[in-house]
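Reader: I have a structure to study and some questions about it. Can you take me through them one at a time?

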Amino acid sequence: MGSADSKLNFRKAVIQLTTKTQPVEATDDAFWDQFWADTATSVQDVFALVPAAEIRAVREESPSNLATLCYKAVEKLVQGAESGCHSEKEKQIVLNCSRLLTRVLPYIFEDPDWRGFFWSTVPGAGRGGGEDDDENARPLAESLLLAIADLLFCPDFTVQSHRRSTVDSAEDVHSLDSCEYIWEAGVGFAHSPQPNYIHDTNRTELLKLLLTCFSEAMYLPPAPDSGSTNPWVQFFCSTENRHALPLFTSLLNTVCAYDPVGYGIPYNHLLFSDYREPLVEEAAQVLIVTLDHDSATSTSPTIDGTTTGTAMDDIDPPGPENLFVNYLSRIHREEDFQFILKGTARLLSNPLLQTYLPNSTKKIQFHQELLVLFWKLCDFNKKFLFFVLKSSDVLDILVPILYFLNDARADQSRVGLMHIGVFILLLLSGERNFGVRLNKPYSVRVPMDIPVFTGTHADLLIVVFHKIITSGHQRLQPLFDCLLTIIVNVSPYLKSLSMVAANKLLHLLEAFSTTWFLFSASQNHHLAFFLLEVFNNIIQYQFDGNSNLVYAIIRKRNVFHQLANLPTDPPAIHKALQRRRRAPEPLSRTGSQEGASMEGSRPAAPAEPGTLKTSLVATPGLALGIDKLTEKSQVSEDGTLRSLEPAPQQGPADGGPTEEEPSPAWREQRRPSSASASGQWSPTSEWVLSWKSKLPLQTIMRLLQVLVPQVEKICIDKGLTDESEILRFLQHGTLVGLLPVPHPILIRKYQANSGTAMWFRTYMWGVIYLRNVDPPVWYDTDVKLFEIQRV
């Protein structure tokens, strides 16, 4: 039968279904088979031939027919899984049912009355047809999930058969050990099967259906208690699924082993369509959804990477038994870590690969899913995090993240990408090794529209952060605290900042210490505190190599004197706030001499008008200031950390909110006044005094007191206007014995809270919603987890 006839017959069946007012019996195979038995329709055809309006009409007007359609389609998948899909016809039926369910499920989820449907048992659907079978009948959802799992390891359909001959060749589906059929070499599996286009496309279709099953989460509004587990994911990742381990391994290895470059041949991707990429994308999306698990509220892996409670325990360990999370947390072999890290770094760097031949390499689009996956790996497997930090490959993760942050800074639709990139860097910056690694010279020239500089990865990080703060869009302001916290965390280890980076840090202090900015919102002074802490760390712990920064501080010494002499009387406060109405925005002025941008770079552009974006819940912790998102630790003599958390009062280095000042949720930081719980917030003399007295200026003032006269003397003696002579003097100078006793190093480590899990859930599903456009699985359905907005 031709494809046109096939489509026509399928369309006729859909029309019959939507026009029948009477229920059709489940036993009427002649009717139901029209939907899957004789047709060869692609998933795109199914979406075109089953319009949304018609699915909703059947749901409202003849619900029993929609129920029977779902039940019959699941039954066909179960039969296919039982029989092992040997004939072409059986394979076609399985694919057709899979496409039909992918089309219909979102419309079942969007209607609250239907939500329990898949979790109910179907009367008379017992396996043997006996009377008592209804007792142990499985809910439809469970039958569907188990059938998908079986079908993903079905010889000659989704995996290669190991049988030589075709004589009675049916490999028994029930005795088959799916661990021998893992899709790709990598973690826990050494053999890389021969690539097979048909197996890859069949896997992709089944994974799309699986993702659609999991997507019920999109139809529930964001709940403050993130403990609400997704029942589909919970069942699929439980011991009920005998393929949990090989499937987890297959998904992880398929993603990490993927090399999109096309075997080094330029333009190869234009000649051969890469059927692996859709599978890798689908695998990455399914993987991050199965790992959507709130680590803050459950048994988290202990520090040595073993979980408290294993799958083999007799007693149920507390917390959900998500096997995917369990397996992920138990990976421990160095070569497995190396494989995962190399693969992730290779894929994240792919969009940065600029060759001399434009478009000669394939650009992947799933970097956001990769960042979520990398986050989950670090979050659930501390051994992996330590492996990443002790390997210099951590810089191969850092550079792409900085590239994405810089590239997305002006684009409203990519604010979620900005957040996850910053969260990952905040997590890494809590470990000393990260700061040490940043001293490696930066020589790779990834085209970015930032000033050209010669220096280290630390310089790159500072220059990009400066660019985000001074030329990103308004909605990034809640991230300023995080960006500066990252710089504070790494600052004690930075051996030598370039002049470009030193000037950028001083420019930020200049902008964040204007009286208008300090007085215009209750949390703004924290930014000046963070920057002073950076300068103090470098002066106290890395003075020797940092003559560029010392020189920049001397040149801009008036900024520090102004801070020390900050006015606190009401008329002065009032005047400062009035002045803002006439003065230019402190950050957008070109007070920082921008050098020429790098060759080959394109400026960061705002979103194209009409771009769709999904809303995000308020970023956890950021709503309350960085202290809710991090935990303070002090580095002791031997380099170990001890937590400073139990003390309820703020540490001296953090002019934190005082008791009587309700800490209002973040707002646009540069408004002359900010509303809080108590209505209009306005600065008072007492408030300014409460934190001005804590400004950590002693070290810098002492440095200026000692060095400024000496530098001035050189200038007068030699009639110098030449920087190099002064820098030479500063390089050989020392302040040993002249500075106050070094303060202990404070590190603010990322700390998960229940809001973080909710934020990741909305971000992840928003990415999945927007990235699945062909077919548009969830488009125009009534999702509740986020809003769809046009830029």
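Author: Start with one term: two residues are in contact when heavy atoms of theirs lie within 4.5 Å. Keep in mind that this is a predicted model.

Reader: Against which helices do the buried residues of α26 pack?
Author: Helix α26 spans residues 557-564, and V559, F560 and L563 are buried there. Their partners are α22 (499-512), α23 (515-519), α24 (525-542), α25 (547-555), α28 (685-692) and α29 (698-718).

Reader: Why do the buried residues of α26 line one face of the helix?
Author: An α-helix has 3.6 residues a turn, so residues three or four places apart point the same way. In α26 the buried residues are V559, F560 and L563. Seen down the axis of α26, they line one face because they fall within an arc of 95°.

Reader: What percentage of the contacts in the protein with a separation of 6 or more is between residues 24 or more positions apart?
Author: Take the contacts in the protein with a separation of 6 or more. Then pick out those between residues 24 or more positions apart. Their share is 79%.

Reader: At what angle do the axes of α10 and α12 cross, and what does that make α10 to α12?
Author: Helix α10 covers residues 244-257 and helix α12 covers residues 276-290. Their axes come within 9 Å and cross at roughly 125°. That angle makes α10 oblique to α12.

Reader: How many nonpolar residues are in the contact of α10 with α12?
Author: From α10 come F248, L251, L252, T254 and V255. From α12 come R276, L279, V280, A283, A284, V286 and L287. One residue of the contact is polar and one is charged. The nonpolar ones number ten.

Reader: What is the handedness of the crossing where α5 passes α6?
Author: The axes of α5 and α6 come within 9 Å and cross at roughly 140°. The crossing is left-handed.

Reader: How do the residues of the contact of α5 with α6 divide?
Author: On α5 the contact includes L66, L69, C70 and A73. On α6 it includes E90, I93, V94 and C97. By class, the division is 13 nonpolar, three polar and two charged.

Reader: Is C85 buried or exposed?
Author: C85 sits in the loop between α5 (63-83) and α6 (88-109). Its phi is near 50°, a positive value in a residue other than glycine. Buried means under 20% relative accessible area. C85 has 1% relative accessibility, so it counts as buried.

Reader: What is the relative accessible area of D156?
Author: D156 belongs to the loop between α7 (140-151) and α8 (197-214). Its phi is positive, about 70°, although D156 is not a glycine. D156 is partly exposed, with a relative accessible area of 46%.

Reader: Which residues does S391 touch, not counting those up to four places away in sequence?
Author: S391 is in the loop between α16 (382-390) and α17 (394-408). It is buried, at a relative accessible area of 11%. With residues up to four places away in sequence left out, S391 touches L341 and R437.

Reader: What kind of peptide bond joins D774 and P775?
Author: Most peptide bonds are trans. P775 lies in the loop between α31 (754-771) and β7 (788-790). Omega between D774 and P775 is about 0°, and the bond is cis.

Methods
Residues numbered from 1 in each chain as written. Predicted model: local features only at pLDDT ≥ 70, side-chain atom pairs only at ≥ 80, totals over all residues. Heavy atoms only, no water. Buried < 20%, exposed > 50% of the residue type's maximum accessible area, 1.4 Å probe, protein only. Helix = DSSP H or I, 4+ residues; strand = E, 2+ residues; numbered from the N terminus. Arc of directions from axis to C-beta. Axes fitted to C-alpha atoms, helices over the stretch in contact; angles between N-to-C directions. Parallel < 35°, antiparallel > 145°, perpendicular 65-115°, else oblique. Nonpolar A, V, L, I, M, F, W, Y, C, P; charged D, E, K, R; others polar. Left-handed = near helix turned anticlockwise from the far one by under 90°.
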